[in-house]
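User: I'd like to learn how to read side-chain features in a model. Could you walk me through them, with the general idea before each case?

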Amino acid sequence: MSGGSGDATLFEESFTVTDYDQSKYDRVARISCTSADSQTVMILDINIELFPCAVSDPLHVVLSTTLSPDGSKEDEKGWRDLGKGLDAASTLADLYDYVCYGKIYKFEETYDGNTM
């Protein structure tokens, strides 16, 4: 979305943590989660100092094109820049306990269009 307003949400789902592996790093765990309808599986690396979790914990995940509540695109600002100052506007990050922001590191899509 460039400059306009609208819904920036690409994906939203509730998950349950089904596996937790902290064997590779001290402060990072790889969690596996399954959606409430068991149709979606997500694997995510999280900073456990910022967001501790365990098997069977519920998670609500939202993927969005922007952190602006109105759906407008930020102009080259990171989420930390958006939330600075006493008169700073609120962002979608204010609504959640853990926020990942930035470029997608790895993306895979199968021919069936259901797996990323």
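Analyst: Happy to. Helices (H or I, at least four residues) and strands (E, at least two) are DSSP runs, numbered from the N terminus. Glu13, for instance, sits in strand 1 (residues 9-21). This is a predicted model, where local features need pLDDT of at least 70 and side-chain atom pairs count only at pLDDT 80 or more, while totals for chains, interfaces and linings use all residues. Residues are numbered from 1 along each chain as its sequence is written, and side-chain values use heavy atoms, with hydrogens and water left out.

User: How many salt bridges are there, and how do I read one?

Analyst: Side chains of opposite charge can pair when their charged atoms come close. The rule asks for a side-chain nitrogen of Lys or Arg within 4 Å of a carboxyl oxygen of Asp or Glu. That gives one salt bridge here. Asp45 pairs with Arg30, and their closest N and O atoms are 2.6 Å apart. Asp45 belongs to strand 3 (residues 41-47) and Arg30 to strand 2 (residues 28-35), so the pair ties together parts that are 15 residues apart in sequence.

User: What about Glu13, and which residues does it contact?

Analyst: For charge, Lys and Arg count as positive and Asp and Glu as negative, with His and the chain ends not counted. Glu13 is buried but has no salt bridge, and the nearest side chain of opposite charge, Arg30, is 21 Å away. Contact means heavy atoms within 4.5 Å. Apart from neighbours within four places in sequence, Glu13 is in contact with Ser35, Ala36, Leu59, His60 and Val61.

User: How should I describe an aromatic pair?

Analyst: A pair of aromatic rings is described by the distance of the centres and the angle of the planes. Rings of Phe, Tyr and Trp (its six-membered ring) pair if their centres lie within 6.5 Å; planes under 30 degrees apart are stacked, over 60 edge-to-face, and the rest tilted. The structure has one aromatic pair. Phe11 and Phe15 form this tilted pair, 6.4 Å centre to centre with 45° between the planes. Phe11 is partly exposed at 27%, whereas Phe15 is buried at 2%.

User: Which residues make up the largest nonpolar core?

Analyst: In soluble globular proteins, nonpolar side chains tend to be buried together. A nonpolar core is a set of buried Ala, Val, Leu, Ile, Met, Phe, Trp, Tyr and Cys residues joined through side-chain atoms within 4.5 Å. The largest one has 12 residues: Phe15, Val17, Ala29, Ile31, Cys33, Met42, Ile46, Ile48, Phe51, Cys53, Leu59 and Val61. At least two residues of this core come from each of strand 1, strand 2, strand 3 and strand 4 (58-64). Strand 2 gives the most, with three residues.

User: How many disulfides are there?

Analyst: A disulfide is a covalent bond between the sulfur atoms of two cysteines. With the cut-off of sulfur atoms within 2.5 Å, a search of the whole structure finds zero. Cys33 is in no disulfide, and its nearest cysteine sulfur, that of Cys53, is 7.0 Å away. Cys33 is buried at 0% relative accessible area, and Cys53 is buried at 11%.

Notes: Buried means under 20% relative accessible area, exposed over 50%, partly exposed in between (1.4 Å probe, protein chains only).
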